[in-house]
Amino acid sequence: MSEAQIGIYMIILLLILFLTGLEMAYCMIIAGFFGFWYLMGFLPAANLIIKDFFDTFTTYSYTVIPLFILMGEFASNSNIAKRLYSGAHKWFGHIPGGLAMTTIVGATAFKAMCGSTLATVGTFSNLALSEMDRYKYSKELSTGTIASVSTLGMILPPSTVLIIYGLEVEQSIGRLFIAGIVPSILIALLMMIVVAGWVIIKPNIAPRAEKSSWGERLAAIPEALLILIVFAIVIGGMITGFFSPTEAGTIGTVAIFILALVRKEVNKVMFLNSIKASLKTSIMVLMLIAGSNIFGHFLAITEIPMKAAEWASGLPLSGTLIMIVIIIIYLLGGSIMDDLAFMVLATPIFFPTAIKLGYDPIWFGILICVTLMIGGLIPPIAIYVFILGNITGLPFKIIYKGVLPFLLSLVFALILLFVFPDIALWLPNLLMGKG
């Protein structure tokens with residue numbers, strides 16, 4: 001058998017292992033090890049695993065991952081999200097669909113300092129759902145809003161997915177973070193338009209809340225300013241090159257911790273829960289990276305990524321049609337497995353194709369993240385729907401119905417991003433120059 005055939009068989013083995021319920025990290029390790037063993041021998045395969053594990057857990061650049069995750073856990077386990085939601089509620093709660101819009105604004109602001117998408121789902125499923133229930137919002141609107149806005153964690157900095165993408169394809173994390181800002185704002189606005197349109201069609205699904213005074217609204221501004229300051233320091237420091245992504249993660253984590261400490265929101269339980277949760281998530285992510293490195297080294301000797309790039313660029317199709325095919329593959333992959341896992345698995349295969357076709361690597365990263373956002377909301381897995389259903393105990397059918405209108409806004413955003421790449425590239429080019 002040729003090396004390429006062995007590579008295809010190992011990809012099939014990987015998918016079979018995944019369907020058994022095994023974590024993707026272990027699927028990639030097993031398939032990569034046995035494939036490398038078959039082609040190169042046992043000792044080279046054993047050395048590969050040892051070296052890739054050692055490199056992953058001792059590489060300085062990877063320390064940025066647990067730092068941003070810990071930053072998010074500190075924010076999640078303090079009352080920062082609650083105050084953000086309360087402030088947004090004072091500004092938007094009185095308009096039709098205002099509580100749903102409040103959730104979009106609050107979750108977007110919270111995500112601007114939280115590296116964990118799952119933390120956003122967990123925080124706002126408890127915080128926002130109870131408030132919308134109190135004002136008798138329909139379950140479809142409330143759960144659809146929470147599940148959909150949580151996907152913004154894929155591209156709104158500090159995004160763990162963008163960090164890993166940048167490390168995997170050797171692109172600037174700071175540039176990726178900046179590239180995600182405008183698409184994130186665009187998607188948040190489109191989601192608010194969806195809420196407004198839905199409420200106009202069915203006014204009874206979202207009764208209005210009481211109107212806050214201007215004094216109460218103005219009193220909520222300092223909280224948003226604090227978050228903006230932390231965000232500006234973290235992102236601004238990377239833009240100017242004043243500090244590295246790892247240093248940015250450290251500064252952001254310390255800033256959020258001090259903010260919680262000053263407000264007397266730090267206690268032993270909060271601190272230990274944050275450390276435990278960040279350790280658990282960080283180890284999961286690092287294991288995923290290690291598995292990806294092992295499987296990636298195996299794929300490299302099969303030359304499948306290079307051959308795939310040559311095959312795709314040689315097709316009698318335009319670059320646009322080839323990219324559409326790649327988007328469809330990411331969309332399907334994101335719908336059947338964890339978005340981060342599929343990104344780590346598929347990017348080494350399709351990234352060379354995108355570059356050979358002349359596409360910008362920063363734009364490609366944002367594009368596939370938006371694609372995976374959509375994949376995370378559609379069956380059969382729909383990770384965001386699954387998590388929200390488990391937290392709330394609501395039937396998945398109700399959440400799926402609520403998510404559907406927001407899916408339209410995400411698809412529209414993806415089309416805009418595909419047709420107008422400058423949506424992602426304009427801001428990083430403006431602030432950091434053309435890459």
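Trainee: Which side chain meets K139 in a salt bridge?

Mentor: This is a predicted model, so every contact discussed here belongs to the prediction. A salt bridge is read from the distance between a Lys or Arg side-chain nitrogen and an Asp or Glu carboxyl oxygen, with 4 Å as the cut-off. In this structure the partner of K139 is D133, at 2.9 Å from N to O.

Trainee: Are K139 and D133 buried or partly exposed?

Mentor: K139 has a relative accessible area of 29%, so K139 is partly exposed. D133 is also partly exposed, because its relative accessibility is 31%.

Trainee: How many salt bridges does a search of the whole structure find?

Mentor: The search finds 3. One of them joins K51 and D55, with N and O 2.7 Å apart. K51 and D55 are 4 residues apart in helix 3, which means about one helical turn separates them. D55 counts as partly exposed, with 27% relative accessibility.

Trainee: What does E140 form a salt bridge with?

Mentor: E140 pairs with K401, and their closest N and O atoms are 3.9 Å apart. This pair links distant parts of the chain: E140 lies in helix 8 (residues 139–150) and K401 in helix 21 (residues 396–419), 261 residues apart. E140 is partly exposed at 21% relative accessible area, and K401 is partly exposed at 48%.

Trainee: How should I read the packing of two helices, and what is the angle between helix 3 and helix 15?

Mentor: Start with the axes, then go to the residues. The axes of helix 3 (residues 42–58) and helix 15 (residues 268–302) come within 9 Å and cross at roughly 140°. Angles over 145 degrees would count as roughly antiparallel; helix 3 and helix 15 are therefore oblique to each other. Their crossing is right-handed.

Trainee: Which residues of helix 3 meet helix 15?

Mentor: Helix 3 contributes L48, I49, D52, F53, T56 and F57. On the helix 15 side they meet L286, M287, I289, A290, N293, I294 and H297. Sorted by class, this contact has 9 nonpolar, 3 polar and 1 charged residues.

Trainee: Now a single residue. Is T253 buried or exposed, and why?

Mentor: Buried means under 20% relative accessible area. T253 has 6% relative accessibility, so T253 counts as buried. T253 lies in helix 14 (residues 245–262).

Trainee: Which residues is T253 in contact with, leaving aside its neighbours within four places in sequence?

Mentor: With those neighbours left aside, T253 is in contact with L67, L70, M71 and F74.

Key. Residues are numbered from 1 along each chain as its sequence is written. This is a predicted model: local features need pLDDT of at least 70, side-chain atom pairs count only at pLDDT 80 or more; totals for chains, interfaces and linings use all residues. Side-chain values use heavy atoms; hydrogens and water are left out. Buried means under 20% relative accessible area, exposed over 50%, partly exposed in between (1.4 Å probe, protein chains only). Contact means heavy atoms within 4.5 Å. Axes are lines fitted to C-alpha atoms, for helices over the stretch in contact, and angles run from 0 to 180 degrees between N-to-C directions. Angles under 35 degrees count as roughly parallel, over 145 as roughly antiparallel, 65 to 115 as roughly perpendicular and the rest as oblique. A crossing is left-handed if the near helix is turned anticlockwise from the far one by less than a right angle, and right-handed if clockwise. Ala, Val, Leu, Ile, Met, Phe, Trp, Tyr, Cys and Pro count as nonpolar, Asp, Glu, Lys and Arg as charged, and the others, Gly among them, as polar.
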